[in-house]
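User: I have just opened this structure and have not looked at it before. Please take me through it, beginning with the charged side chains.

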Amino acid sequence: TAADSIMETCEELSHVSPIAHPTAYLGDKNMDPSLAPLNGAWKLLFSTAADASFSKNSTRGAAQAQNVVDPAAGRITNVIDFAVRDDGTEPALKQLQVVIK
């Protein structure tokens, strides 16, 4: 499948990543958070999670997803921002945040 192909490509690329330990300092309250490679917001380009896929043609409408990593807290927040519909109406839900500890 297309998802399998993407995952295989990600696995191949991981071997040439300039960051040997991307999860370094995650959850370490004694370190400067800026040293953590994953610190900050990351736009989600691909997900295998069916509930994280959005299309303007779905009943949920179009959306942008990102992960916000707070390394000192050891927390990742999945953030989904729903777009205004083509007819200009606001979505029933503008943003959804799921915190992972």
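Analyst: A salt bridge is counted here when a side-chain nitrogen of Lys or Arg lies within 4 Å of a carboxyl oxygen of Asp or Glu. The model is predicted, so local features need a pLDDT of at least 70 and side-chain atom pairs count only at 80 or more, while totals for chains, interfaces and linings use all residues. Residues are numbered from 1 along each chain as its sequence is written, and side-chain values use heavy atoms, with hydrogens and water left out.

User: How many salt bridges does that rule give?

Analyst: The count comes to 2 salt bridges. One joins the side chains of Asp70 and Arg75, at 3.1 Å from N to O. Another joins Glu90 and Lys94, at 3.6 Å from N to O.

User: Why can such side chains pair at all?

Analyst: Side chains of opposite charge can pair when their charged atoms come close.

User: Is Lys94 buried or exposed?

Analyst: Lys94 counts as exposed, at 54% relative accessibility. The scale calls a residue buried under 20% relative accessible area, exposed over 50% and partly exposed in between, using a 1.4 Å probe and protein chains only. Glu90, with 47%, is partly exposed.

User: And what are the figures for the other pair, Asp70 and Arg75?

Analyst: Asp70 has a relative accessible area of 28% and is partly exposed. Arg75 is partly exposed as well, at 27%.

User: Where does Asp70 sit?

Analyst: Asp70 is in strand β2. Helices (H or I, at least four residues) and strands (E, at least two) are DSSP runs, numbered from the N terminus.

User: Let us step back. Which elements does the chain have?

Analyst: The chain has 1 helix and 4 strands, and they follow the pattern α-β-β-β-β along the sequence. The radius of gyration is 16 Å, well over the 13 Å that the globule rule gives for 101 residues, so the chain is more spread out than a compact globule. That radius is taken over C-alpha atoms, and the globule rule is 2.2 Å times the number of residues to the power 0.38. Along the principal axes, the C-alpha atoms fill a box of roughly 45 × 35 × 20 Å.

User: What share of the residues is buried?

Analyst: Of the 101 residues, 12% count as buried.

User: In what order do the strands lie in the sheet?

Analyst: The 4 strands form an open sheet in the order β1-β2-β3-β4, with antiparallel pairing. Its edge strands are β1 (40–43) and β4 (95–100), each of which pairs on one side only. Two strands pair if DSSP finds at least two bridges between them.

User: How many bridges join β1 to β2?

Analyst: There are 4 bridges between β1 and β2; in one of these positions, Lys43 has Gln66 of β2 as its bridge partner. Gln66 is in turn the bridge partner of Val79 in β3.

User: What lies between β2 and β3?

Analyst: These two strands form a hairpin with 4 residues between them, and Gly74 in the turn has a positive phi of about 65°.

User: Which residue has a positive phi although it is not a glycine?

Analyst: Tyr25 does, with a phi of about 70°. Most residues other than glycine have a negative phi. Tyr25 is placed in the loop between α1 (2–14) and β1, and it is partly exposed, with a relative accessible area of 36%.
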